[in-house]
Amino acid sequence: MPDEMEFSSTTLLIVVLAAALAPIIADLPRRLALQVVVLEIVLGIIIGPQVLDIARPDDLITVLSTFGLAALFFMAGAEIDFAAIKGRPTAIAGVGWLASMALALVVAAVLTRVDVIEDGPVVAVALTTTTLGVLAPVLKDAGILGSGLGALTQAAGAMGELAPIVVVSIFFAASGSLMGGVLLTAFTLATVVAAAIITRVDAARVTRLIAETMHASGQLAVRLCMLVLVALVVLANELGLDIILGAFAAGLIVNLTGFNGPTMEPLRVKIQGIAFGFFVPIFFIHTGMVFALDSLLDDPVALLELPLFLVLFLAVRGIPTALLARRDLPRRDAAPLALFSATALPMVVAITEIGVTTGDMSRDTAASMVGAGMLSVLIFPLLALALRSRGPTAGASSAATGDGAP
């Protein structure tokens, strides 16, 4: 039947095998500190049509990849530590992102004028992203998460994920029209209402059921989280907005219920297992399978764009944030903050994928930006930690944990 989903059981097996191999391979060369997300994309490229051609992105893998994209941004919203970033870190992050956006628009306009790119708006938004999901474990392992640098990096990461999502939803999914603003407002109001209901309802019975089913087959807490995720993803899609906005909003709502508190640790482990154990890896492997490697290798301009975008991530996203925070950090932490803030991959993948799908971005530029994002994840965190360990400790100012504006 023509309406039936086309899929290959062999492809599914190979993709799941690649997902299982990625963390094993990442653990082998410990000195290189390879990020699992980069390996997942690389493995996707290797098994995909452009290298070994043993797995092709069929209907099932594409659907699972969409679920993975939603799960990625759900977790991004759910795991933001608002207590750590409130006050001045959030203010610095907000102003820093606006400065990055303004600078990105200028850079994109110049690159468009000299015929380096043809898709200025999409490139501009992608340049303002930060990958909080990849940075969080790096900061935690380095003992930075609870410091002023950790707070500012988390704030910059949260802003570098939320703000581009909103921009993408308005200007790409809703064509940048007045209707786009109306639809976003409607979605925001619906999200606020949902958050108010969830956080203010008398949850005595629900709490009891959650506790009773947490380690049983009922799994009410997990099902409620999935309900919030699916409901807001469907709402965003019905309003013509991108699903990543719905997924991120769902994560924020779950966050408000105390998701990151110690009592929610069993639930958090389960949700992380569902997201990062299955769906998210398939999204990144699928990204590698559809990665335009031939376009990158066959086009000298596209190949040269890759290091250009890597530098622009740092210049457009990292440096403005570091400059705004220079009075709130020791001197040794300024460069690491810039490098952490410029680490960008998941949002770059999502934005370029949307841009290619809507016809607003060429496959060559998308491949260059994703390649630069992969390099940023490989290089910037390692360089940041190396600079911090060697930098001066004198002249340190207080950690950026207070209230105020930059």
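**Entry 1**

I opened with phenylalanine 67 and found it in helix H3, which covers residues 59-78. I am working on a predicted model here. Phenylalanine 67 came out as partly exposed, with a relative accessible area of 46%.

Next I asked myself which residues the ring pairs link into a cluster. They turned out to be Phe67, Phe278 and Phe279. My search of the whole structure gave three aromatic pairs. I noted the geometry of one of these pairs, phenylalanine 278 with phenylalanine 279: the centres are 5.0 Å apart and the planes make an angle of 80°, which is edge-to-face. I checked the cover on both rings too. Phenylalanine 278 is partly exposed at 32% relative accessible area, and phenylalanine 279 is also listed as partly exposed, at 21%. The latter value sits just on that side of the cut-off, because buried means under 20%.

**Entry 1: the whole chain**

I stepped back for the overall picture. I counted 18 helices and zero strands in the protein. Of its 406 residues, 49% count as buried. For the accessible surface I noted about 18,300 Å², with 67% of that belonging to carbon and sulfur atoms. I also looked at contacts with a separation of 6 or more, and residues 24 or more positions apart account for 82% of them.

I picked helix H5, residues 88-113, and took its span. Its 26 residues reach 37 Å from first C-alpha to last, close to the 38 Å expected. After H5 I came across aspartate 115, whose phi is positive, near 65°.

Is H12 mostly covered or mostly open? It is mostly covered, with 12 of its 14 residues buried. Among the buried ones I wrote down Ile243, Leu245, Phe248, Ile253, Val254 and Asn255. Just after H12, glycine 258 takes a positive phi of about 90°.

**Entry 2: salt bridges**

I found five salt bridges in the structure. I started with the one between aspartate 328 and arginine 88, at 2.5 Å from N to O. Aspartate 328 lies in the loop between helices H15 and H16 and arginine 88 in helix H5, so this pair ties together parts that are 240 residues apart in sequence. I checked the cover and found aspartate 328 and arginine 88 both buried.

Then I turned to arginine 268 and glutamate 265, whose closest N and O atoms are 2.2 Å apart. How far apart along helix H13 are these two? They are three residues apart, which puts about one helical turn between them. I reminded myself that an α-helix has 3.6 residues a turn, so residues three or four places apart point the same way. Arginine 268 is buried at 12% relative accessible area, whereas glutamate 265 counts as partly exposed at 36%.

I also logged the bridge between arginine 56 and aspartate 53, at 3.1 Å from N to O. Aspartate 53 is partly exposed, with a relative accessible area of 36%.

Terms used: Residues numbered from 1 in each chain as written. Predicted model: local features only at pLDDT ≥ 70, side-chain atom pairs only at ≥ 80, totals over all residues. Heavy atoms only, no water. Phe/Tyr/Trp six-rings, centres within 6.5 Å; stacked < 30°, edge-to-face > 60°. Buried < 20%, exposed > 50% of the residue type's maximum accessible area, 1.4 Å probe, protein only. Helix = DSSP H or I, 4+ residues; strand = E, 2+ residues; numbered from the N terminus. Contact = heavy atoms within 4.5 Å. Areas by Shrake-Rupley, 256 points an atom, 1.4 Å probe, with all protein chains shown as cover. Expected span 1.5 Å × (residues − 1). Salt bridge = Lys/Arg side-chain N within 4 Å of Asp/Glu carboxyl O.
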